[in-house]
Amino acid sequence: MDSAAAPGRFEMLQKSFKGASKCVLTTCSREVVRMAFPSFTDAERERLYRMLTRVMKAMHANIEEEFDEFCQEKQVAAALDKIDDFDEEQNLDVLASEKTSIEEIEEKVSKAKKDEIEHLTGLLKKVEESNNAMKAQIELLKKGDDSTASKDVLNKLTQLSSACLREQ
């Protein structure tokens, strides 16, 4: 098997498989054989133990060989290599790594626009109120009230006007 094609994931797969198969096909100890076959002689139990050990080793080798053949047949290394390439591309892609969807971006832009509209509407109301106050003051001046009242109105008008200009 050409493990150079996909060194990361394929090597991990092979290592995991071999580790798991060794756990399943572990030879039993001499003590287990002795206890399982108490009527056998020591020599018979020793031969049985060696035979079991050889059988387990042969089965292990066969299973690993079949696994490698299966991986070659199904092109597992090449598939895992493609997954590694795709994963690397995704990690390099700034938009993919931000984990923000188009809907989230649209929502943020929409909220920012609404907030700006509310702010501008508030400013417009203040300017309209100021304009209405100025119109009222001008009407009072046109009516010709006493000069003290006219000066007070003119001062207030000037203050309102400069306050509005500062807020904008």
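Partly exposed means a relative accessible area between the buried class, under 20%, and the exposed class, over 50%. M59 has 36%, so M59 is partly exposed. This is a predicted model. Helix α3 carries M59, and much of this briefing concerns that helix. A nonpolar patch, a nonpolar core, aromatic pairs and salt bridges follow.

- Helix α3 covers residues 42-73.
- The 32 residues of α3 should span 46 Å at 1.5 Å a residue, and the end C-alpha atoms are 46 Å apart, which agrees.
- Its buried residues are R45, L48, Y49, T53, H60, E64, F67 and C71.
- M51, V55, M59 and I63 make a nonpolar surface patch of about 320 Å².
- Residues three or four places apart on an α-helix point the same way, because the helix has 3.6 residues a turn.
- Just after α3, Q75 takes a positive phi of about 55 degrees.

**Nonpolar core**

- The largest nonpolar core has six residues: F10, F67, C71, V76, A77 and L80.
- Helices α3 and α4 (76-92) each supply at least two residues of this core.
- Helix α4 gives the largest share, three residues.

**Aromatic pairs**

- The whole structure holds two aromatic pairs.
- F17 and F67 have ring centres 3.9 Å apart and planes at 10 degrees, so this pair is stacked.
- The stacked class needs planes under 30 degrees apart.
- F17 sits in helix α1 (residues 7-24) and F67 in helix α3, so the pair links distant parts of the chain, 50 residues apart.
- F17 is partly exposed, at 24% relative accessibility.
- F67 is buried, at 14%.
- F67 therefore falls under the 20% limit for buried residues.
- F37 and F40 form a tilted pair, 5.0 Å centre to centre with 40 degrees between the planes.
- F37 is partly exposed, with a relative accessible area of 30%.
- F40 is partly exposed too, with 32%.

- The structure has six salt bridges.
- Side chains of opposite charge can pair when their charged atoms come close.
- R30 is partly exposed, at 47% relative accessibility.
- E46 is partly exposed, at 23%.
- R30, E46 and R50 are linked in a network of salt bridges.
- R34 bridges to E31, with the closest N and O atoms 2.4 Å apart.
- Both R34 and E31 lie in helix α2, three residues apart, about one turn of the helix.
- R34 is partly exposed, with a relative accessible area of 39%.
- E31 is partly exposed, at 39% relative accessibility.

**Helix α6**

- Helix α6 (residues 102-143) has 42 residues.
- From first C-alpha to last, α6 reaches 61 Å, close to the 62 Å expected at 1.5 Å a residue.
- The buried residues of α6 are S130, M134 and Q137.
- D115 forms a salt bridge with K111, the closest N and O atoms being 3.2 Å apart.
- D115 and K111 both lie in α6, four residues apart, about one turn of the helix.
- D115 is partly exposed, with a relative accessible area of 37%.

Conventions: Residues numbered from 1 in each chain as written. Predicted model: local features only at pLDDT ≥ 70, side-chain atom pairs only at ≥ 80, totals over all residues. Heavy atoms only, no water. Phe/Tyr/Trp six-rings, centres within 6.5 Å; stacked < 30°, edge-to-face > 60°. Buried < 20%, exposed > 50% of the residue type's maximum accessible area, 1.4 Å probe, protein only. Expected span 1.5 Å × (residues − 1). Patch = residues over 30% accessible without salt bridge, like charges linked within 9 Å, V, L, I, M, F, W, Y side chains within 5 Å. Areas by Shrake-Rupley, 256 points an atom, 1.4 Å probe, with all protein chains shown as cover. Salt bridge = Lys/Arg side-chain N within 4 Å of Asp/Glu carboxyl O. Core = buried A, V, L, I, M, F, W, Y, C linked by side-chain atoms within 4.5 Å.
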